[in-house]
Amino acid sequence: MANISVRHFPLIVLDVDEALAFYRDGLGLEVVSDVANGDFRWVSLGVPGQPGLNIVLSAPGAGRSDADAQVIAEQVAKGAFGPLVFSVADLDSLFESLSASGAEVLQEPALQPWGPRDCAFRDPSGNMIRINQAA
């Protein structure tokens, strides 16, 4: 069996700068690169404690036709993709910090029937983010 790992996770957002504030300032991810290529831009964010794993923020139109970008933007705004699930040692502190930042709360911290204690937010684009309490 091959030794395989996840390296990049693409995440489509409606506004890269607005999303960057949520993921960098709110969740504590670290900017690895900020790349402009013509009219397109993407930002790679590293996950602390997981070197080599990057979440890559880009807009719906990055390399896509206008028609595809429109459809994708509508789906992102509806929260149709995801959720993206994070794990954190202190769920309550992160919940309070993100709530105070104005992030849209979908669910306060609660023990789930499927196991973890978690909470849920929407990022500024509408993507659902779940945050689990680390074991």
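Helices (H or I, at least four residues) and strands (E, at least two) are DSSP runs, and they're numbered from the N terminus. What you're seeing is a predicted model, so local features need pLDDT of at least 70 and side-chain atom pairs count only at pLDDT 80 or more, while totals for chains, interfaces and linings use all residues. Residues are numbered from 1 along each chain as its sequence is written, and side-chain values use heavy atoms, with hydrogens and water left out.

Okay, the overall picture. The protein chain has three helices and eight strands, and along the sequence they come in the order β-α-β-β-β-α-β-α-β-β-β. The C-alpha trace spans about 45 × 35 × 30 Å along its principal axes. For 135 residues, a compact globule would have a radius of gyration near 14 Å, and this chain's 15 Å agrees with that. That radius is taken over C-alpha atoms, and the globule rule is 2.2 Å times the number of residues to the power 0.38.

How much of the chain is buried? Of the 135 residues, 36% are, where buried means under 20% relative accessible area, exposed means over 50%, and partly exposed is in between (1.4 Å probe, protein chains only). As for contacts, meaning heavy atoms within 4.5 Å, take those between residues at least 6 apart in sequence: 50% of them join residues at least 24 apart.

E2, residues 30-37, and E3, residues 40-47, pair in the antiparallel sense over seven bridges. Val31 stands opposite Leu45 in E3. The two strands make a hairpin with two residues between them, and Gly38 in the turn has a positive phi of about 65°. For background, most residues other than glycine have a negative phi, and most peptide bonds are trans.

Stay on E3 for a moment, because Ser44 sits there and counts as buried at 6% relative accessibility. Not counting residues up to four places away in sequence, Ser44 touches Glu30, Val31, Val32, Ser33, Asn54, Ile55 and Val56. With neighbours within four places set aside, the contacts of Gly46 include Leu29, Leu53 and Asn54.

Next, helix H1, residues 16-26. Which of its residues are buried? They're Val16, Ala19, Leu20, Phe22, Tyr23 and Gly26. At the N-terminal end, Asp15 caps H1, with a side-chain oxygen 3.0 Å from the backbone nitrogen of Asp17. That's a polar contact: a pair of N or O atoms within 3.5 Å, where within protein one must be able to donate a hydrogen and the other to accept it, and residues adjacent in sequence count only if both atoms are side-chain atoms. After H1 comes Gly28, which has a positive phi, near 85°.

On to the aromatics. Rings of Phe, Tyr and Trp (its six-membered ring) pair if their centres lie within 6.5 Å; planes under 30 degrees apart are stacked, over 60 edge-to-face, and the rest tilted. Searching the whole structure turns up two such pairs. Phe22 and Tyr23 have ring centres 4.9 Å apart and planes at 80°, so that pair is edge-to-face. The other is Phe95 with Phe121, a tilted pair at 5.5 Å centre to centre and 45° between the planes. Phe95 is in helix H3 (residues 91-100) and Phe121 in strand E7 (residues 117-122), so this pair ties together parts 26 residues apart in sequence. Phe95 is buried at 7% relative accessible area, and Phe121 is buried at 0%.

Two loops to finish. Between helix H2 (66-78) and strand E5 (84-88) you'll find Pro83, and a cis peptide bond joins Gly82 to Pro83, with omega about 15°. In the loop between E7 and strand E8 (128-133) there's Ser125, buried at 4% relative accessibility. A polar atom of the Ser125 side chain lies 2.7 Å from the backbone nitrogen of Leu14. Beyond its neighbours within four places in sequence, Ser125 is in contact with Val13, Leu14, Asp15, Val76 and Ala77, and Asp15 is the residue that caps H1.

Methods:
Pairing = 2+ DSSP bridges.
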